[in-house]
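Please read them with the structure open.

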Amino acid sequence: MSTETRHGAVFPSPTVASPPAPGAYVSQGSQFVGLYWRELLRTFRNPWVLVITIVQPFMWLAFFGSSFANVPLSDLDALLHTQIQSYTQFLLPGVLSTSMLTIGMFGSMSTIQDKRFGFMKRILITPTSKATVYLTKALGSATRGLVQIPVMIVAALAFGVRFDGDPLLWAGWILGLVFLGFGFSCFFLAVTASSTDWQTPGVISNFITMPLMFASGALFPASNFPTWMQYIAKFNPVSYSALFGRGIVVQGTADWLYLGYLALFALIMLVAGTLVASRYLKIE
Amino acid sequence: MVEYAIQADGLTKSYGALTAVDHVDMRVPDGGIFGLLGPNGAGKTTIIKVLTGLSDITSGEASVAGFNVRTEPMRVKERIGWVAAEVILDDDFTAWENLWLQAKLQRLTDWKPRALELLRYFNLEDRRKDKVQTYSTGMRKKLEIALALLHQPRVIFMDEPTIGLDPGTRRMLWELITGVNREYGITILLTSHYIEEADALCGQISIIDHGKFVASGAPSELKSRVKADFIELETTEAVDEARLKAIPGVSEVRSQGKAWILRVASAEEVLPRIFQSLKTDGIRRINVEKPSLETVFLDLTGKRIDQAGSEIRDYRKFYASVRRARG
C-alpha cells in the first residue's frame with residue numbers, strides 16, 4: 001500500500017496483513033477468521049440458541065427412543081434386522097443424523113438477519129468476498145450442530161446405552177456427522193442466498209426434513225420400506241450417516257465407504273453452494 | 001492530470017425500468033466535504049451504493065480513491081469507510097469487539113493503538129468493554145464513525161448521517177464530521193435532505209432530483225445564482241394566476257397546493273404591490289424567502305425538497321407508506 005493513499009498521519013497507523021497484489025483479488029484469510037469468530041460468539045453468547053439446538057434431538061431420543069420399551073428385545077431384533085441393547089441405542093446415530101438436516105436453518109436465519117439489519121452491507125463494503133461470507137455462515141452452522149453430538153451421547157448413556165469400541169471409529173463417526181451437517185448447511189444457505197424473508201428457512205426446513213428423515217435408515221432399517229421409499233433412501237445422505245454410525249455404535253464395525261459418500265456430498269454442496277452464493281447472495 | 005478522490009462519468013444505475021441514477025458526472029477533489037442534497041428517493045443512496053461497489057454500475061465509469069469501481073472494487077473497498085443512515089453494529093458485541101471485527105475485515109494487524117486513539121477521540125474509551133446495546137444513539141453513531149476511520153480510508157461515505165437524531169446530537173455530529181475531515185484530512189461524501197446540514201458542512205454540493213444532478217457548486221455560489229426572492233402566498237378567496245402575474249416585478253407564478261409561489265426580483269419592492277392588489281381578497285398567509293439552498297432547489301425543480309420527497313419513486317418506501325396508511 002503506497003503511503004500517499006492513506007491518510008491521518010496524526011494517529012498511529014495500522015498496517016495491512018499482506019501487501020495487496022495488483023488486480024481485483026484480495027486474500028480472504030483475515031476476513032474469514034473475523035466472520036467465523038463472529039458466528040461462534042453470536043451462537044455461544046445466546047444460550048437459547050444452544051438449548052433449541054439440543055432440545056429437539058433430545059426429545060426424539062427420550063420419547064421416540066422409549067416408545068418400544070415394553071416390546072421384547074427379540075421382537076425388536078426381528079423388526080430391525082440386528083442385535084440391539086435397546087431401541088435408544090439403535091436410534092442414536094439416526095437421530096444425530098436427522099438433526100444435521102435442520103442446523104443449516106440457523107445459519108440461513110442469521111444470514112437473513114444480517115441482510116435485514118444492514119450488516120451484510122457493512123461486511124461487503126470491506127474487501128470481503130461473498131464466498132467468504134457464505135463459507136463462514138455454513139461453517140458456523142455446522143459448528144453449532146456439533147454441540148449436539150457430545151450432549152446426545154451423554155443422554156444415551158443416561159438412558160442405559162453401553163458403548164465400547166475403537167476411538168478411531170468414533171472419530172470417524174463424528175467426522176461423518178460433520179460432513180453431513182456442513183453439506184446441509186451449504187445447501188440451506190445456497191437456496192436462501194437471495195431470500196430476505198424470515199419465514200423461508202423454516203419452510204424449507206419443514207419441506208426437506210420430513211421426507212429425508214423417514215426415507216432414510218435413521219429410524220428404521222430401509223429394508224422394511226416399499227420400493228419407492230427405498231429408492232429415495234439409496235440417494236439420501238442421511239441414510240449413509242445413519243448406517244455408518246449404527247455400524248459403529250451397534251456392531252462396533254465401520255463401513256468406510258459410507259464416510260467417503262458423506263465427504264463427497266459435503267464437497268459437492270460446498271462447491272455448488274459457493275458458486276451460487278457468490279453470484280446470488282443479496283446484500284439487503 | 002488531477003486525480004480526484006471520487007470521479008464519475010455518465011454514471012447510471014437502473015433497476016429494471018427505473019433509472020435511479022441517470023448519467024451523473026462527479027469530480028470530488030481530495031480533502032473536502034462534498035454533499036449530495038436532494039429529496040428522499042432522488043438517488044443519493046444509490047450513488048453511494050454504486051460508488052462503494054455494493055451495487056453494480058449499469059453504465060458509465062467511476063473511480064474512487066484512485067481505483068476503478070467496476071474493475072477493481074476490492075482495491076476501492078480497502079480505501080473507503082462507510083457510515084450508514086441507520087446505525088449498523090453488532091449490538092451483542094462490545095465496542096472493542098466491533099472494532100476487532102472491522103480490523104479483521106480490513107485485514108489490519110497492528111490496529112489496537114489506533115483503535116484506542118479513536119475511542120479516546122470519540123470519548124468512548126471507558127465504555128469500550130460494554131455491549132453496544134447499552135449505548136445511546138449518539139454513542140453508537142460515534143462508534144460507527146470510529147469503525148469507518150480505523151483503516152485510514154481516503155474517502156468516507158456518510159448516508160444521511162444525522163437522520164432521525166435530536167438537534168443536540170445532530171450538532172455534535174456536525175462538529176465531529178468537520179473535525180474528522182480537518183484532522184484526518186479525509187474526503188467525505190455525505191448525502192442529506194436537510195438543507196441546513198448541507199449548508200453548514202459541505203464545501204461543495206450537488207443538488208440531485210430524479211437521479212440527475214440539477215446544479216453543483218459551493219453553497220454560497222449556488223445561492224448567488226438565484227437572483228430572486230420567493231413569496232409564498234395563500235388567500236382566503238380564490239385568486240387567478242393572471243392577476244398575480246400582472247403585478248409588476250413578479251416574474252413567475254406557480255401553484256403549490258392551496259398556495260401560490262411567486263418568483264420576484266425583490267420581495268421588498270413587490271410586497272406593497274401585492275397588498276395593494278389583493279387587499280379585498282384577504283391574505284391568509286404570506287411568507288418571504290430570501291436566497292437559500294431551499295430556494296435554489298425550488299428555482300431549479302419547481303418543488304420544495306420535502307414536497308419532492310413525497311413523490312415517492314422508491315417502491316419499498318411506497319409500500320411502507322401504504323402499510324402505514326392502512327394502519
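**Notes on the predicted model**

1. Start in chain B. Just after α1(B), B:Gly53 adopts a positive phi of about 80°. Keep in mind throughout that this is a predicted model.

2. The buried residues include two lysines, B:Lys44 and B:Lys49. B:Thr45 and B:Thr46 are buried as well. Buried here means 20 or more other C-beta atoms within 10 Å of the residue's own.

3. Next, the sheet in chain B. In which order do the 4 strands of this open sheet run? The order is β12-β13-β11-β14, and the pairing is antiparallel. β12 (250–256) and β14 (283–289) of chain B stand at the edges. Each has a single partner strand, so one side of each lacks a neighbour in the sheet. On average, neighbouring strands are turned by 20° against each other, direction ignored.

4. Look at one strand pair in detail. β12(B) pairs with β13 (residues 259–264) of chain B in the antiparallel sense, over 6 bridges. B:Glu252 has its bridge partner in β13(B): B:Arg263.

5. α10 of chain B (residues 267–278) lies across β11 (229–235), β12, β13 and β14 of chain B. Its direction is about 20° to β11(B).

6. Now chain A, and a helix pair. α11 (residues 237–251) and α12 (residues 256–280) of chain A pack at an angle of about 145°. Their axes are 9 Å apart. The crossing of α11(A) and α12(A) is left-handed. From α11(A), the contact takes A:Pro237, A:Tyr240, A:Ser241, A:Leu243 and A:Phe244. From α12(A), it takes A:Tyr258, A:Leu259, A:Tyr261, A:Leu262 and A:Phe265. By type, the residues of this contact are 9 nonpolar, 1 polar and no charged.

7. Last, the contact between the chains. How many residues does each chain give? Chain A gives 36 residues and chain B gives 36 residues. On the side of chain B that touches chain A, α2 (73–77), α3 (95–105), α4 (112–121) and α6 (167–184) of chain B each supply at least two residues. The residues of that side divide into 14 nonpolar, 14 charged and 8 polar.

Conventions. Residues numbered from 1 in each chain as written. Chains lettered and ligands numbered in written order. Predicted model: local features only at pLDDT ≥ 70, side-chain atom pairs only at ≥ 80, totals over all residues. Contact = placed C-beta atoms within 7 Å. Nonpolar A, V, L, I, M, F, W, Y, C, P; charged D, E, K, R; others polar. Axes fitted to C-alpha atoms, helices over the stretch in contact; angles between N-to-C directions. Left-handed = near helix turned anticlockwise from the far one by under 90°. Pairing = 2+ DSSP bridges. Buried ≥ 20, exposed ≤ 12 C-beta atoms within 10 Å, placed from the backbone.
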